[in-house]
Amino acid sequence: MNGVTMSQSPATTCGNGGTGCSYDAGPLDNISIHDNVFEDVNQSTYSPGSCCTDGVLIEVDNFESSNTLWPHDISIDHNTGFVVGSGTANISIDGPPEVISNFTYSNNLFGGGSYGFHTVLPGGGLLGCGSAAGALGTLTGCMGSSWTFASNVIAVDTGSVPNQPYPTGTYLTTWPSVGLVNYNKGNGGDYHLSSSSPYKNAGTDGKDIGADIDGVLNATAGVQ
């Protein structure tokens, strides 16, 4: 189970169990994911074993052969998420020259998990896109030169955030230092930033980093 998975794969079976065909999927573009709270994203609970493609907050996959259908214009902004296991984001695509252009990842308050923001090999002998170390290598290898990664907080319970280096301007910290009203291990807490949090009003737009918690609570009131 992941927080959000965006996957673009060709159809390889056709009607009545037929095989031997391959049709391109529709385009994966112009996507905006914002103001969500992801709780209880736990790899060991929902995907037993050591597979590092489940239990991640954000996943982007592409297995298309046509670069005219390559994902582009994806914005992930002002989200809050807690993860146990895999990590902040998995990017699984074939390598350049195909890249995810116009990729924006900003103002998110996310857990680092075990792997942070990183590349997962797409399988089938494909080399993948992360040609250098760390989250920065994933961005430059998978998104080319048209990416924005700004004012994101990546937090862990203890120790160091995995998969460094990150782009300049990323806040790498621990959950106790974030300043949530009630962290509660990312399960049923109060995820407003306290007045003393260093990330209050620290977004690129002057808002709190993370989701609009009041907006999320109002939108989900009474939902069971």
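How many bridges join strand E7 to strand E10? In this predicted model, where residues are numbered from 1 along each chain as its sequence is written, local features need pLDDT of at least 70, side-chain atom pairs count only at pLDDT 80 or more, and totals for chains, interfaces and linings use all residues. Side-chain values use heavy atoms, with hydrogens and water left out.

Strand E7 (residues 72-77) and strand E10 (residues 101-106) run parallel and are joined by 5 bridges, where helices (H or I, at least four residues) and strands (E, at least two) are DSSP runs numbered from the N terminus, and two strands pair if DSSP finds at least two bridges between them. Within this pairing, Ile76 has Tyr105 of E10 as its bridge partner. Both strands belong to an open sheet of 4 strands with parallel pairing, in the order E4-E7-E10-E13. Its edge strands, strand E4 (29-34) and strand E13 (147-150), each pair on one side only, and the twist from one strand to the next averages 5°; for such angles, axes are lines fitted to C-alpha atoms, for helices over the stretch in contact, and angles run from 0 to 180 degrees between N-to-C directions.

Another open sheet, also parallel in its pairing, is formed by 4 strands in the order E1-E6-E9-E12. Strand E1 (4-8) and strand E12 (117-119) stand at the edges with a single partner strand each, so one side of each has no neighbour in the sheet. Neighbouring strands of this sheet are turned against each other by 10° on average, direction ignored. E1 and E6 pair in the parallel sense over 5 bridges, and Met6 has Val60 in E6 as its bridge partner. Helix H2 (residues 134-142) lies across strand E9 (87-92) and E12, and runs at about 55° to E12.

The loop between helix H1 (43-46) and strand E6 (56-62) contains Gly55. Gly55 has a relative accessible area of 0% and is therefore buried, a term that means under 20% relative accessible area, with exposed over 50% and partly exposed in between (1.4 Å probe, protein chains only). The C-alpha atoms of Gly55 and Gln43 are separated by 4.0 Å, although these residues are 12 residues apart along the chain.

A search of the whole structure finds 11 aromatic pairs, for which rings of Phe, Tyr and Trp (its six-membered ring) must have centres within 6.5 Å, planes under 30 degrees apart counting as stacked, over 60 as edge-to-face and the rest as tilted. One of these pairs, Phe82 and Tyr191, is tilted, at 4.5 Å centre to centre and 40° between the planes. This pair links distant parts of the chain, with Phe82 in strand E8 (residues 80-84) and Tyr191 in strand E17 (residues 190-193), 109 residues apart. Both Phe82 and Tyr191 are buried. Tyr105 and Phe149 form a stacked pair, at 5.1 Å centre to centre and 10° between the planes, which connects strand E10 with strand E13 across 44 residues of the chain. Tyr105 is buried, because its relative accessible area is 0%, and Phe149 also counts as buried, at 5% relative accessibility. Ring pairs link Tyr105 and Phe149 into a cluster with Phe103, Phe110, Phe117 and Tyr166.

Conventions:
Contact = heavy atoms within 4.5 Å.
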